[in-house]
Amino acid sequence: MAFTQMGNYGVVTHFTTGPGAPVIVENATIAGLFVTGDLPGSELAGDDAVAKLKKRRDELADATRRFPSARALLNPVLAELQDSLSRLSAGEVRHEDKWISAQQYQAFKAKGQELADLGKKREANLTSKQSNLAAKWLLSSHRSYVAELELHHRKAQGAAKIGGGTEAEAEADKGVSALPGLPFALPPSIVQGGVLLPKYRDAEVALKMGQTDSAAAMVHVTSGEKCVSCRLAFTVTRNGDVVQNKEEVRAAASLIGQMDYAVSSWLLLAITSAQTRFDFNKAAGTASETVSIQREISGVDCELIMMAETSNDVGQLCAVYCLTLR
């Protein structure tokens, strides 16, 4: 008999042959068990595959000789095995459960190797040495950023499922297509030419940085034309109370201004608020490594983080700021 599942219980075995109760057979009366299902492996190519199929074919052919009553069940499987052997001999390859030509298979393998190499390069970019202070900080904190972004999106999708019924659930289950986008687009000058980082779900992630050590740098997460999230980091260099790199700070604010004027206006106020809070904490003896200023603007979660100031080689105070939009 043909069965789909079996369970051994000491002296008997239960065989599932269809709906309803299983067939119970005493183990002493079982002559043999043969797996007929799919071909062994969805990937069949070369001499190893031929050897496996021949071994399988010979085992089942022997079973038909030993148990003539099983031939009706085993012969279709033998025919499938023989057909697969003929295809392999003709130079075809079974890839992802489909028969294709050897040339197509080699193209698939080359593409797979190309994607694997690109994936390794993306990972290597996370630990690449950067002289740009903002880019260096963005790379060092990137994994925590992605983890927070995932948590943010899971919460949003959970809220959609609770409030929106089956239609919202379907949207939330679509993966990257369901990722909420920011209500503005990134200028092409920002998106193009970035250093590729590991993908977030199926969204592209890239780092774009300025030419000098204290210039701004940005990480952007994009899905097609949609910006899912972005981070802008920049350095403020001071000599006493005088900001030494005002043009670079203005350039950083201008980048955000190209996307959203309200966020850009808030950014300049947030920088002052962060510096004031940092100075107050320092005077009060409660200084920490970071200060965070948060606000929601036009449905966008905006967070500005100021890292503790450090002195550079010429005695100037340098602080890295990071604005996250999601």
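**Helix packing and local geometry in the predicted model**

The crossing of helices α1 and α2 is left-handed. The structure described here is a predicted model. Helix α1 covers residues 46-66 and helix α2 covers residues 71-89. The two helices pack at an angle of about 155°, and their axes lie 10 Å apart. Angles over 145 degrees count as roughly antiparallel, and α1 and α2 are therefore roughly antiparallel to each other. On the α1 side, the contact is made by Ala-49, Val-50, Leu-53, Lys-54, Arg-56, Arg-57, Leu-60, Ala-61, Ala-63, Thr-64 and Arg-65. On the α2 side, the residues in contact are Arg-71, Leu-74, Asn-75, Val-77, Leu-78, Leu-81, Gln-82, Ser-84, Leu-85 and Leu-88. An α-helix has 3.6 residues a turn, so residues three or four places apart point the same way.

Two residues of this contact were examined individually. Thr-64 belongs to helix α1. Its relative accessible area is 9%, and the cut-off for a buried residue is under 20%, so Thr-64 is buried. The side chain of Thr-64 reaches the backbone oxygen of Ala-61 at 2.6 Å. With neighbours within four places in sequence left aside, Thr-64 is in contact with Arg-71, Leu-74, Asn-75 and Leu-78. Ser-84 lies in helix α2 and counts as buried, at 1% relative accessibility. Ser-84 and Leu-53 are 31 residues apart in sequence, while their C-alpha atoms are 8.0 Å apart in space.

The loop between α1 and α2 contains Ala-70. Ala-70 is buried, with a relative accessible area of 17%. The C-alpha atom of Ala-70 is separated by 82 Å from that of Ser-273, a residue 203 positions away along the chain.

The axes of α7 and α8 come within 7 Å and cross at roughly 150°. Helices α7 and α8 are therefore roughly antiparallel to each other. Val-249, Ala-253, Ile-256 and Gly-257 of α7 make the contact with Tyr-261, Val-263, Ser-264, Leu-267, Leu-268 and Ile-271 of α8.

At the start of α8, a side-chain oxygen of Asp-260 comes to within 3.1 Å of the backbone nitrogen of Ala-262. The helix is followed by Gly-285, which has a positive phi, near 75°. The buried residues of α8 are Val-263, Ser-264, Trp-266, Leu-267, Ala-270, Ile-271, Ala-274, Gln-275, Phe-278 and Asn-281.

Helix α3 (residues 102-126) has 25 residues. The helix reaches 37 Å between its first and last C-alpha atoms, close to the 36 Å expected at 1.5 Å a residue. The buried residues of α3 are Tyr-105, Arg-122, Asn-125 and Leu-126.

Positive phi values were also found in residues other than glycine. Glu-96 has a phi near 50° and is located in the loop between β4 (93-95) and β5 (98-100). At 57% relative accessibility, Glu-96 counts as exposed. Arg-201 likewise has a positive phi, near 50°. Arg-201 is placed in the loop between β6 (195-200) and β7 (203-209), and its relative accessibility of 27% makes it partly exposed.

In strand β3 (residues 23-26), attention was given to Val-23. At 31% relative accessibility, Val-23 counts as partly exposed. The C-alpha atoms of Val-23 and Thr-13 are separated by 8.2 Å, with the two residues 10 positions apart along the chain. Apart from neighbours within four places in sequence, Val-23 is in contact with Met-1, Thr-13, His-14, Phe-15 and Thr-17.

Conventions
Residues are numbered from 1 along each chain as its sequence is written. This is a predicted model: local features need pLDDT of at least 70, side-chain atom pairs count only at pLDDT 80 or more; totals for chains, interfaces and linings use all residues. Side-chain values use heavy atoms; hydrogens and water are left out. Buried means under 20% relative accessible area, exposed over 50%, partly exposed in between (1.4 Å probe, protein chains only). Helices (H or I, at least four residues) and strands (E, at least two) are DSSP runs, numbered from the N terminus. A polar contact is a pair of N or O atoms within 3.5 Å; within protein, one must be able to donate a hydrogen and the other to accept it, and residues adjacent in sequence count only if both atoms are side-chain atoms. Axes are lines fitted to C-alpha atoms, for helices over the stretch in contact, and angles run from 0 to 180 degrees between N-to-C directions. Angles under 35 degrees count as roughly parallel, over 145 as roughly antiparallel, 65 to 115 as roughly perpendicular and the rest as oblique. A crossing is left-handed if the near helix is turned anticlockwise from the far one by less than a right angle, and right-handed if clockwise. Contact means heavy atoms within 4.5 Å. The expected span of a helix is 1.5 Å times one less than its number of residues.
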